[in-house]
Amino acid sequence: MEVIFLGTGTSQGVPMIACDCAVCTSADPRNHRTRSCIHVVMDGLHVQVDAAPEFRLQCLRERITRLDFFILTHGHADHIVGMDDLRRFCDLRGGTALTVYTTEEGMARILSIFPYTIAERPVAKGYAAFKLTAMPQVLELPQGTIRSTLLPHGGINTLGLVFEEKSSGKKFVYYNDCKRVPREAVALAEGADAVVLDGLRPELHPTHLNIEEACAVAAEIKGKVTYLTHLTHSVDHEQWSAKLAAQGVQLAYDGLRLKL
Ligand SMILES: [Zn+2]
Ligand SMILES: [Zn+2]
Ligand SMILES: [Zn+2]
């Protein structure tokens, strides 16, 4: 299994517009964060999770050339607005609709932002077409299993995802954009080879885990390795990597590839 971090930034991105703080002006490329989304390859199956505003640029940078289906974790702008660029992958599939798994909230957002995409085939050549499907708790595939669970994120729930590859038995957990990780989600993540958690920033936030809260969740889950994502400009990569090393927690960065 391979996990490609296309983006690891919070909703404003880093650098943030009109900010000259030390992180926003840093020369360290790991402090340049496009909005969060990942690409998972499970035994040759290509699954895209979320589409950030920079999705097209992220695909070019990481040479993403194939996508079998799409999962939208929730309908917030930083995860959904890149979805129009899925049009190229519809084209590459011979102009057929791409299956999109999400929640009811996610579907409602897609319908309001991209009403022209809800069709069996693109309305015109080169347009996107989506087949909206409720994300099941267990999605059984020839290449493995994707389990989902709901994570509280302010007034809505985010899909937490657990990938398990059949051939290798490797387990990967992606819990982004959440304020809490409920007990059942901790149990679902048990024995993970890699865990990715919302870490946001050092200060508390009403709808996101901060770094301290994320480290507490990491200690509960006890994955072999834990990465924090969805980071703001309050987090200098080098400084925080050194602080978190003792807890076995690392910071994700754009372009990071995990081979499990
Ligand atoms: Zn977000
Ligand atoms: Zn800044
Ligand atoms: Zn969000």
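**Stop 1: helix 4**

Select Glu104 and Ser112 on helix 4: both are exposed, meaning over 50% relative accessible area, while buried means under 20% and partly exposed lies in between (1.4 Å probe, protein chains only). Helices here are DSSP runs of H or I with at least four residues, strands are runs of E with at least two, and both are numbered from the N terminus. This is a predicted model: local features need pLDDT of at least 70, side-chain atom pairs count only at pLDDT 80 or more, and totals for chains, interfaces and linings use all residues. Residues are numbered from 1 along each chain as its sequence is written, chains are lettered from A and ligands numbered from 1 in the order in which they are written, and side-chain values use heavy atoms, with hydrogens and water left out.

Now turn to the other side of helix 4, residues 104-113. Which residues are buried there? They are Gly106, Met107 and Ile110. Look down the axis: the buried residues of helix 4 fall within an arc of 100°, so they line one face of the helix. The arc is taken from the directions between the helix axis and the C-beta atoms. An α-helix has 3.6 residues a turn, so residues three or four places apart point the same way.

Next, show what the buried residues of helix 4 pack against: helix 2 (77-80), strand 5 (98-102) and strand 6 (130-134). Contact means heavy atoms within 4.5 Å.

**Stop 2**

Two strands pair if DSSP finds at least two bridges between them.

Zoom in on strand 5 and strand 6. They pair in the parallel sense over five bridges. Pick Thr102: its bridge partner in strand 6 is Ala134. Axes are lines fitted to C-alpha atoms (for helices over the stretch in contact), and angles run from 0 to 180 degrees between N-to-C directions.

**Stop 2: strand 1**

Stay in this sheet and select residues 2-7. Six of the six residues of strand 1 are buried, so the strand is largely enclosed by the rest of the structure. Strand 1 runs antiparallel to strand 14, joined by three bridges. Ile4 has Arg257 as its bridge partner in strand 14. Strand 1 also pairs with strand 2 (residues 37-42), in the antiparallel sense, over five bridges. There, Gly7 is bridged to Cys37 in strand 2.

Step on to Thr8, in the loop between strand 1 and strand 2. Thr8 is buried, with a relative accessible area of 0%. Beyond neighbours within four places in sequence, its contacts include Arg33, Tyr253 and His230.

**Stop 4**

Which residues coordinate it? Asp78 (OD), His79 (NE2), Asp177 (OD) and His230 (NE2) do, at 2.1 to 2.3 Å. Donors are N, O and S atoms within 2.8 Å of the metal (3.2 Å for Na, K and Ca); water is not among the atoms, so sites may look incomplete. The four donor atoms around ligand 1 subtend angles of 90 to 164°, which makes the arrangement irregular. Four donors count as tetrahedral if all angles lie between 85 and 135 degrees; four count as square planar and six as octahedral if opposite donors are over 155 degrees apart and all others between 65 and 115; anything else is irregular.

Asp177 lies in the loop between strand 10 (171-175) and helix 5 (183-188), and His230 in the loop between strand 12 (226-229) and helix 7 (237-244), so the pair ties together parts that are 53 residues apart in sequence. Asp177 and His230 are both buried.

The protein donors of ligand 3 are His74 (NE2), His76 (ND1), His153 (NE2) and Asp177 (OD), 2.2 to 2.3 Å from it. His153 is buried.

**Stop 3: the other sheet**

Finish with the strands in the order 7-8-9-10-11-12-13. They make an open sheet of seven strands with mixed pairing. Strand 11 (residues 194-198) and strand 12 pair in the parallel sense over four bridges. Pick Leu197: its bridge partner in strand 12 is Leu228. Helix 7 packs on this sheet, touching strand 12 and strand 13, and its direction makes about 175° with that of strand 13.
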